[in-house]
Amino acid sequence: MSSSSSNENFPVLETPRLRLREIVASDAPALLAIHGNAEHMRWFGCDAMADLAAAENLVRTFAGWRQAPNPGTRWGLELKDQPAGLIGSCGLFAWHRGWRKCALGYEIAPGLAGRGLMQEALRAVLDWGFAEMGELHRVEAQIHPDNTASLKLARRLGFVQEGRAREVGFWGGRHHDLLQLSLLRREWQTQ
């Protein structure tokens, strides 16, 4: 892991199989490998990345979330037995303190999907969010209706579908509906 742009105060989390840590400049090629895969990212909400410069910009964007007026935290995921190899990311962002809510986002490398790694990571992130983000009451997720794996994951974590936002997203040259899901603090505490 590169320490040149690393922040000592970044909240590092650990699970049985994963280390969740700050995303740094040296992670750009791994981000490009994930975000540049158009088929894998078809439900993510934006077009696939075209080049390394776009991945480097994403690293800066995630770092900027820590200082923004409506901040967030995006963790890089690495397997404990393979340190320094970014396999995906997840995070809480768009923190609206007044309303005590934020959003959840995540993605994992195509070859590692379906192994329960993201569920493990998101459990740690949600635990952290409800413990460390003041009075956090609600976490929201918007998921494409055809992204069955992500919908199953969110539901396993206790997210409840609230409705459908018609043509709210635009990528791949067309508009997309997204399902709105949420998880409330009291629902998380009873899991």
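**Start at a strand pair**

Select β6 (residues 138-143) and β8 (residues 174-184): six bridges join these two strands, and they run antiparallel. Strands and helices here are DSSP runs numbered from the N terminus, with at least two residues (E) for a strand and at least four (H or I) for a helix; two strands pair if DSSP finds at least two bridges between them. Click on Arg138 and look across to its bridge partner in β8, Leu184.

Some ground rules before moving on. This is a predicted model, where local features need pLDDT of at least 70 and side-chain atom pairs count only at pLDDT 80 or more, while totals for chains, interfaces and linings use all residues. Residues are numbered from 1 along each chain as its sequence is written, and side-chain values use heavy atoms, with hydrogens and water left out.

**The whole sheet**

Now colour the eight strands of the open sheet, in the order β1-β2-β3-β4-β5-β6-β8-β7, with mixed pairing. At the edges you'll find β1 (13-14) and β7 (160-171); each has a single partner strand, so one side of each is left without a neighbour in the sheet.

**Helix α3**

Next, pick α3 (residues 117-132), which packs on the sheet and touches β1, β2, β3 (73-79), β4 (86-96), β5 (101-108), β6 and β8. Contact means heavy atoms within 4.5 Å. The direction of α3 makes about 30° with that of β4; axes are lines fitted to C-alpha atoms, for helices over the stretch in contact, and angles run from 0 to 180 degrees between N-to-C directions.

How much of α3 is buried? Twelve of its 16 residues are, so the helix is largely enclosed by the rest of the structure. Buried means under 20% relative accessible area, with a 1.4 Å probe and protein chains only. Among the buried residues of α3 are Met118, Ala121, Val125 and Trp128.

**β3 and its partners**

Show side chains on β3, where seven of seven residues are buried. Thr73, Trp75, Leu77 and Leu79 point one way, and Arg74, Gly76 and Glu78 point the other. β3 runs antiparallel to β2, joined by five bridges, and Glu22 has Trp75 as its bridge partner in β3. β3 also pairs with β4 in the antiparallel sense, over six bridges; there, Gly76 stands opposite Ser89.

Zoom in on Leu20 in β2 (residues 18-22). Leu20 is buried, at a relative accessible area of 0%. Beyond its neighbours within four places in sequence, its contacts include Trp75, Leu77, Cys90, Ala121 and Val125.

Asp27 counts as buried at 3% relative accessibility. Not counting residues up to four places away in sequence, Asp27 touches Arg21, Glu22 and Leu86.

Key. Buried means under 20% relative accessible area, exposed over 50%, partly exposed in between (1.4 Å probe, protein chains only).
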